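Here are my notes for you to read alongside the model.

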Amino acid sequence: MTAGPATMPAGGQEDTRTRLLATALRLFAEHGVEGTSLQMIADALGVTKAAVYYHFKTKNEIAEAVAEPGLKQLNEVVEEATRQRRRGQQIDHLLAGFVDVVVRHRALIALFSRDPGVLRSVAESWAGDENFSKRILEILIGPAGDVNRAVAAHAAITGIALTGGAPEFAELDDATLREHLLDVGRKLLGRPRRVSSAEA
C-alpha cells in the first residue's frame, strides 16, 4: 500500500480521517451538506484537496462516514430491543437506547433535523436500513396500537431527536439532557415514572 500524500499532517492516516470527519461535521452544521465543498473541508483542515481525496472520493462518502457511527448504534439499539421478552422491556430499552444515541451524537442529530441534504447523501448506502423509523415505531406502537398510541410514539421520537439537537440546550451536560429526554419520552409513551437515585 502506498503512502498518503506528503501534504497530510503527521499522526497517522486514521487520525487524519477522524479529524477530517469531525471537521466535515462542523462545516455541514454551519453551511449544510450541499453548501460545503471538498475544498472548504481541505482548507479548514489545512491540507490539500488531494489529501481529502486520499480518504474520500466524494462529499457523499464523507456524509455517509459522518453519519455511520450514529446509524450503526441506532441499529444495534433496535436489534437489542426486539430481543427483549416483554413489550414493556422492549419499549424501555428502545427509549433509553434512542435517547443515548441522540445525546451522544447531538451535532449529527441537529444536522439530520435541519439539513435534508445529509438524508439524501446517506439514503443510497443505507437503503437496506432505511426502515429504522418503521421498526422503531412498530416496537413503540405494538401490534394492536391505536391512533393515539401512534401519535404518541411519533411525538416521542421526533420530539426527542429535535430537542436533543436543539441549540437552545447545547449547554446542558449529557447526564442532565439524557434525564430530561427520558422523562418526557416515558410520559409521552405512558411508561411508569422512573425513581431517581435521590428518591430511592
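1. A cut-off to start with: a residue is buried when its relative accessible area is under 20%, exposed when over 50%, and partly exposed in between. At 24%, arginine 191 therefore counts as partly exposed. Please keep in mind throughout that this is a predicted model.

2. Arginine 191 has a partner worth a look. Its side chain meets that of aspartate 92 in a salt bridge, with an N to O distance of 2.8 Å. Aspartate 92 sits in helix H5 while arginine 191 belongs to the segment after H10, so this pair ties together parts 99 residues apart in sequence. Aspartate 92, at a relative accessible area of 23%, is partly exposed.

3. Aspartate 174 and arginine 106 form a salt bridge through their side chains (2.9 Å, N to O). Here aspartate 174 comes from helix H10 and arginine 106 from helix H6 (residues 106-114), 68 residues apart. Are these two residues buried or partly exposed? Aspartate 174 is partly exposed, with a relative accessible area of 40%, whereas arginine 106, at 15%, counts as buried.

4. The salt-bridge count comes to 8.

5. Next, the packing of H5 (residues 87-104) on H8 (residues 132-141). Their axes are 8 Å apart and the packing angle is about 135°, so the two helices are oblique to each other. The crossing of H5 and H8 is left-handed. H5 brings Arg87, Gln90, Ile91, Leu94 and Phe98 to the contact, and H8 brings Ile136, Glu138, Ile139, Leu140 and Ile141. By class, the contact of H5 with H8 has 7 nonpolar, 1 polar and 2 charged residues.

6. I would also look at glutamine 90, which lies in H5. With a relative accessible area of 15%, glutamine 90 is buried. Leaving aside residues up to four places away in sequence, glutamine 90 touches Ala81, Thr82, Gln84 and Ile139.

7. How much of H8 is buried? The helix is mostly covered, with 7 of its 10 residues buried: Phe132, Arg135, Ile136, Leu137, Ile139, Leu140 and Ile141. The cover over these buried residues includes helices H4 (59-82), H5, H9 (147-164) and H10 (174-189). After H8 comes glycine 142, with a positive phi near 85°.

8. Finally, H5 and H9 pack at an angle of about 25°, with axes 9 Å apart, which makes H5 roughly parallel to H9. The crossing of this pair, H5 and H9, is right-handed. In H5, Arg87, Leu95, Phe98, Val99 and Val102 meet Arg149, Ile157, Ile160, Ala161 and Gly164 of H9. Sorted by class, the contact of H5 with H9 has 7 nonpolar, 1 polar and 2 charged residues.

How values were computed
Residues numbered from 1 in each chain as written. Predicted model: local features only at pLDDT ≥ 70, side-chain atom pairs only at ≥ 80, totals over all residues. Heavy atoms only, no water. Axes fitted to C-alpha atoms, helices over the stretch in contact; angles between N-to-C directions. Helix = DSSP H or I, 4+ residues; strand = E, 2+ residues; numbered from the N terminus. Parallel < 35°, antiparallel > 145°, perpendicular 65-115°, else oblique. Left-handed = near helix turned anticlockwise from the far one by under 90°. Contact = heavy atoms within 4.5 Å. Nonpolar A, V, L, I, M, F, W, Y, C, P; charged D, E, K, R; others polar. Buried < 20%, exposed > 50% of the residue type's maximum accessible area, 1.4 Å probe, protein only. Salt bridge = Lys/Arg side-chain N within 4 Å of Asp/Glu carboxyl O.
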